[in-house]
Amino acid sequence: MEIKGVAIDIDGTITDRKRRLNCRAVEALRKLKIPVVLATGNISCFARTAAKLIGVSDIVICENGGVVRFEYDGEDTVLGNKEKCYRALEVLREKYDVVLLDDVYRKSEVCLRRTFPKDEAEKLIARMGVKLLDSGFAYHIADAEVSKGKALRFIADRLGIGVEDFLAIGDSENDIDLLEAAGVGVAVANADLRLKEIADVVTSRPNGDGVVEALEFLGLI
């Protein structure tokens, strides 16, 4: 297949556990002559700034698919319902001492520190129309109707590119839908086991070095 676009996670994929950017991965992404979409659990202002600094397209998927932006100076398209997430948050607050992260900037989800057992918490909010995601850096209460994969389909339609013509690269469970939506899915070596199980390619190297390995293996650089 001809790959016509790349959707790639940021934290843990082109950065390491300390969120240090891999310069080799940045250089490799800049060489691509096709759209590169950053797909992150982080907020819009972070994602679009990262895209500008890395030197890829301005199109970003934020908040695990709850927000999409097509231009650096454009407007956010909000796909998720944050009110659902707030209702689930109140349920969790009854049992846990939760700590919110950058809530004032989030438009579609609620982000929390990883200070409570995820499996137990998921059962408490299982029927509230939300899901609890673990990005490896934080927990995210997200609208069950949104995902990075659905956001990629939204973007692909706007660009006139088949979602099956995208390569997706990630490292954690919030990237599963992204890899499943794309034509080719890559999990870097440090990825969550569940992501590796559904990936088409698993790299031998972690983080940004794995990104470079994948792009070379697929003949994109």
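1. A disulfide is a pair of cysteine sulfur atoms within 2.5 Å, and a search of the whole structure, which is a predicted model, finds zero disulfides. Cys62 is accordingly in no disulfide, and the nearest cysteine sulfur, which belongs to Cys45, is 8.8 Å away.

2. Cys62 is buried, with a relative accessible area of 0%, whereas Cys23 counts as exposed, at 55% relative accessibility.

3. On the overall layout, the protein chain is divided into domain 1, which covers 5-79 + 146-218, and domain 2, which covers 82-143. The C-alpha centres of these two domains lie 23 Å apart, and the contact takes 20 residues from domain 1 and 16 residues from domain 2.

4. Between them, domain 1 and domain 2 bury about 1500 Å², with 49% of that area on carbon and sulfur atoms. On the domain 1 side, Glu63, Val146 and Glu173 supply 32% of the area buried against domain 2, which is more than any other three residues.

5. Asp9 is found in the loop between β1 (5-8) and α1 (23-31), and, because its relative accessible area is 3%, Asp9 is buried.

6. Leaving aside residues up to four places away in sequence, Asp9 touches Ile14, Ala39, Thr40, Lys148, Ile169, Gly170, Asp171 and Asp175. With Lys148 there is also a polar contact, made between the side chains of Asp9 and Lys148 (3.1 Å).

Note on methods:
Residues are numbered from 1 along each chain as its sequence is written. This is a predicted model: local features need pLDDT of at least 70, side-chain atom pairs count only at pLDDT 80 or more; totals for chains, interfaces and linings use all residues. Side-chain values use heavy atoms; hydrogens and water are left out. Helices (H or I, at least four residues) and strands (E, at least two) are DSSP runs, numbered from the N terminus. Buried means under 20% relative accessible area, exposed over 50%, partly exposed in between (1.4 Å probe, protein chains only). Contact means heavy atoms within 4.5 Å. A polar contact is a pair of N or O atoms within 3.5 Å; within protein, one must be able to donate a hydrogen and the other to accept it, and residues adjacent in sequence count only if both atoms are side-chain atoms. Domain bounds come from an automatic or database domain assignment. Buried area is the accessible area (1.4 Å probe) that two parts lose on being put together, summed over both.
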